[in-house]
Amino acid sequence: LIYLDYNATAPVRPEALAATTKALTAVGNASSVHAAGRDAALAVDQARERVAALLACSPNELIFTSGATEANNLALRSAATPGQSLVISAVEHPAVTEAAVAVADAVGSTVHTIGVHRDGTLRLDELEEALATSPALVSIMAANNETGVLSDLDLVVKIAHEAGALVHSDATQLVGRLPIDLRRLQLDLLSMSGHKFGAPQGVGALFARRGTVPAIRPLAHGGGHERGRRPGTLNVPGIVGLGAAAEAAARCLDQEASRIRLLRDRFETAVMTALPGTRRNGHPDRRLPGVSSLTFDGLPADAMLAAMPAIAASEGSACAAGAMEPSRVLLAMGLSRDEAECAIRFSLGYATTADDIDSAIRHVIDAERRVHAALYPNTT
Ligand code: PLP
């Protein structure tokens, strides 16, 4: 199988596997005061430092969670204020859009959604307009999960802070793939998830800048773990895996990004040259190095994917209530339903090789020709 679905999840890095396995073979609750507990707590401290180093923040600004969904919920819940709005973009992951609606309902606030341009970049004019709704929080993703399009977070922070709003970013798809420096980028809150860059699934973190976020309101009630912000026994094996993946990713972030970008560009150039009916979705440059969202004109994504079983990629649609719904993200960018239904997301990552890409190119071209011949037998 040629795995090109890193935006769904990445294979566990060897360093993370070793760290998690070691933690699983040890015993110790990080809250216990005996030696075994202290060892677990030390392992968690080291992981916290490693994640903090990847983000360039302070270790005590991190709260470990079960992943980005929980981190997003925690961020939105903590920032929501009665009578003030939550501003999000139309292309956020459901872990932000759904959380925003629920949180707004709970506190008596409203959600204001801003659009994107055809290339997936944010409509900054709409962001400016949204400030009239007196936002408590502006939440804009760092990189889109379907197209990889990057947000200009510096500008978002500047605009939102001038209006007195806090800024959160769901950086799940960016962290571990491109550098981020929270000393420079003045986000107040940031969500991340380990499994997108080689940690085990089910572990992530929320960054909450010291001194700027009024109070973290825990989602559950229980013990005083994570300084009272996230109760429950710490997932030590997952957390140390996250730390190891963060350290491994940080070691060669720039080189990896360049290598992956070259492979992605080689893939796109070969496929788009051989198949002129193929269109790329999203800004050509301002996107993650490993993502290629392609629309194969007139060829539904499910038929294409069925014709290339050797490739693991995703369609640009989601199964909602048993019916296939075209991607909200692509529709928000102005694609028609038909175009959105013909989109496939290929996403590369740290373990993708040149051989993977060369065979993927052959499989995609071959699948396109076969699906085209089956659906349009009378054309050449
Ligand atoms: N946000 C974005 C942009 C994502 O791509 C994902 C993963 O699909 C999530 C949030 C949810 O992350 P997790 O699986 O860690 O809850």
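Author: Happy to! Let's begin with strand S3, where both faces are covered: Ser85, Val87 and Ser89 are buried on one side, and Leu86 and Ile88 are buried on the other. Please keep in mind that this is a predicted model.

Reader: How many residues of S3 are buried, then?
Author: Five of the five residues in strand S3 (residues 85-89) are buried, so the strand is largely enclosed by the rest of the structure.

Reader: Which strands does S3 pair with?
Author: Strand S4 (residues 110-114) runs parallel to S3 and is joined to it by five bridges. In that pairing, isoleucine 88 has threonine 113 of S4 as its bridge partner. S3 also pairs with strand S5 (residues 135-139), again in the parallel sense, over four bridges. There, serine 85 stands opposite proline 135 in S5.

Reader: Through which helix does the chain cross from S3 to S4?
Author: From S3 the chain passes through helix H4 (residues 94-107) to S4, which makes a right-handed β-α-β crossover.

Reader: And strand S7, is that buried or exposed?
Author: Buried: five of the five residues of S7 (residues 189-193) are, so the rest of the structure largely encloses this strand. Leu189, Ser191 and Ser193 point one way, while Leu190 and Met192 point the other way.

Reader: Which strands pair with S7, and in what sense?
Author: S6 pairs with S7 in the parallel sense over three bridges, and serine 169 stands opposite leucine 190 there. Strand S8 (residues 204-208) pairs with S7 in the antiparallel sense, over five bridges. In that pairing leucine 190 is opposite phenylalanine 207 in S8.

Reader: What holds paired strands together in general?
Author: Strands of a sheet pair through backbone hydrogen bonds, and the pairing can be parallel or antiparallel.

Reader: Changing topic: what surrounds the ligand?
Author: The residues around the ligand are Gly67, Ala68, Thr69, His93, Ala95, Met141, Asn145, Asp170, Thr172, Gln173, Ser193 and Gly204.

Reader: Buried or exposed?
Author: Glycine 164 is exposed, because it has 11 other C-beta atoms within 10 Å, and 12 or fewer counts as exposed. In sequence, glycine 164 is 27 residues from leucine 137, and their C-alpha atoms are 8.9 Å apart in space.

Reader: What about the open sheet, which strands form that?
Author: Four strands do, in the order S9-S10-S15-S12, with antiparallel pairing. Strand S9 (278-280) and strand S12 (314-315) are the edge strands, each pairing on one side only. S9 pairs with strand S10 (residues 291-296) over three bridges, with threonine 278 opposite phenylalanine 296.

Reader: Now the big picture: how many helices and strands are there?
Author: The protein has 13 helices and 15 strands. Its radius of gyration is 21 Å, close to the 21 Å that the globule rule gives for 380 residues, so the protein is as compact as a globular protein of that length.

Reader: What does the C-alpha trace span?
Author: About 75 × 55 × 40 Å along the principal axes. Buried residues make up 50% of the 380 residues.

Conventions
Residues are numbered from 1 along each chain as its sequence is written. This is a predicted model: local features need pLDDT of at least 70, side-chain atom pairs count only at pLDDT 80 or more; totals for chains, interfaces and linings use all residues. A residue is near a molecule or strand if its C-beta atom, placed from the backbone, lies within 6 Å of it. Two strands pair if DSSP finds at least two bridges between them. Helices (H or I, at least four residues) and strands (E, at least two) are DSSP runs, numbered from the N terminus. The radius of gyration is taken over C-alpha atoms; the globule rule is 2.2 Å times the number of residues to the power 0.38. A residue is buried if 20 or more other C-beta atoms lie within 10 Å of its own, exposed if 12 or fewer, and partly exposed in between; C-beta atoms are placed from the backbone. A crossover is right-handed if, with the strands pointing away from the viewer, the path from the first strand over the helix to the second runs clockwise.
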